[in-house]
Amino acid sequence: MEVDKTDARKRADEIKPYRCKNLIAVLEYPMDMKNIGTVIRNVNALGVEKTYIVDPRNSLPDDWQEMRERKSLSKPSVSAIKWSFVKRFNSTEDCLAHLVKNRFISIVTSPHVKGKDNFILHEADYTQPKLAVWFGNESRGISDLAVEGSAFCVSIPMFGMIESLNLGTTSGIVLYEVTKQRREYQEKYKRANRGH
């Protein structure tokens with residue numbers, strides 16, 4: 001079903017105040033196109049501003065317009081790729097350098113303790129002015145280089161025999177908590193400014 005452009009524009013205008021500016025989800029070496037599409041869907045649904053993908057295998061085109069037209073991304077993202085900004089990087093080093101240059105703080109996600117500081121998901125603070133949240137490869141997890149370049153590591157508490165979730169599920173849970181905190185913070189900040 002084609003959405004009327006005026007309806008799409010109205011929806012875009014309605015959701016604009018709820019988008020989380022300066023928040024980027026980073027996928028490091030994702031292997032499965034369906035997972036990439038699912039994460040892009042989560043990013044769009046939760047109001048995350050951008051998705052960066054570290055893709056040394058060149059499985060994705062550099063051009064965002066080409067990405068938007070790929071059925072392998074469009075279908076699992078339920079067309080969210082058409083409404084989401086996605087940028088591709090050749091390496092973790094390139095992506096980290098870009099984020100540092102633009103003054104983003106990186107954090108990584110892992111079911112295991114990694115790096116200097118580790119937090120349970122709901123116990124960390126995600127209200128930094130510019131934040132990049134890294135998600136690792138489906139089988140290997142997050143790289144040591146990404147961990148070294150991050151401020152801290154967060155994990156989702158697990159209570160079953162299985163100690164990890166798939167990439168789509170993990171990104172949805174983590175980004176929900178991050179965007180919830182950022183929206184609450186933005187609302188509080190706006191109210192404080194209106195009071196002056």
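This briefing describes selected features of the structure shown above, grouped by topic. The model is a predicted one. Its salt bridges number four, while the count of disulfides is zero. Strand β6 takes part in parallel pairing with β1 and with β4, and the buried residues of helix α5 pack against β6 along with several other elements.

**Salt bridges**

- One of the four salt bridges in the structure is formed by the side chains of Lys 21 and Glu 49, with a distance of 3.2 Å from N to O. This pair links distant parts of the chain, since Lys 21 belongs to strand β1 (residues 20-28) and Glu 49 to strand β2 (residues 48-54), 28 residues apart.
- Glu 49 counts as buried, because its relative accessibility is 15% and the cut-off for a buried residue is under 20%.
- Arg 88 and Asp 55 also meet through their side chains in a salt bridge, at 3.0 Å from N to O. Here again distant parts of the chain are linked, with Arg 88 in strand β3 and Asp 55 in the loop between β2 and α3 (64-69), 33 residues apart.
- A further salt bridge joins the side chains of Arg 88 and Asp 62, at 2.6 Å from N to O. Arg 88 lies in strand β3 and Asp 62 in the loop between β2 and α3, so this pair ties together parts of the chain that are 26 residues apart in sequence.

- Helix α5 spans residues 92-101, and its buried residues are Thr 92, Cys 95, Leu 96 and Leu 99. These residues lie on the same side of α5, because they cover an arc of only 95° around the axis.
- An α-helix has 3.6 residues a turn, so residues three or four places apart point the same way.
- The partners against which the buried residues of α5 pack are the strands β1, β2, β3, β4 and β6 (131-135), together with helix α6 (144-148).
- After α5 comes Arg 103, a residue whose phi is positive, near 60°.

**Strand β6 and its neighbours**

- Strand β6 is mostly covered, with five of its five residues buried. Leu 131, Val 133 and Phe 135 point one way from the strand, Ala 132 and Trp 134 point the other way, and all of them are buried.
- The strands β1 and β6 run parallel and are joined by five bridges, and among the residues involved, Ala 25 has Val 133 in β6 as its bridge partner.
- β4 and β6 likewise pair in the parallel sense, over four bridges, and Ile 105 stands opposite Leu 131 of β6.

- Leaving aside residues up to four places away in sequence, Ser 84 touches Ile 40, Asn 44 and Trp 64. The side chains of Ser 84 and Asn 44 are joined by a polar contact of 3.2 Å.
- Lys 114 sits in the loop between β4 (105-109) and β5 (118-120). Lys 114 touches Ile 142, Val 147 and Cys 153, again leaving aside residues up to four places away in sequence.
- The C-alpha atoms of Lys 114 and Val 147 are 6.8 Å apart in space, although the two residues are 33 residues apart in sequence.

**Cysteines**

- Cys 20 is buried, with a relative accessible area of 0%, and Cys 153 is buried as well, with a relative accessible area of 2%. Cys 153 is also one of the residues that Lys 114 touches, and Cys 95 is among the buried residues of α5.
- A disulfide is a covalent bond between the sulfur atoms of two cysteines. The structure holds zero disulfides.

Terms used:
Residues numbered from 1 in each chain as written. Predicted model: local features only at pLDDT ≥ 70, side-chain atom pairs only at ≥ 80, totals over all residues. Heavy atoms only, no water. Disulfide = S-S within 2.5 Å. Buried < 20%, exposed > 50% of the residue type's maximum accessible area, 1.4 Å probe, protein only. Polar contact = N/O pair within 3.5 Å; in protein donor to acceptor, adjacent residues only side chain to side chain. Contact = heavy atoms within 4.5 Å. Helix = DSSP H or I, 4+ residues; strand = E, 2+ residues; numbered from the N terminus. Arc of directions from axis to C-beta. Pairing = 2+ DSSP bridges.
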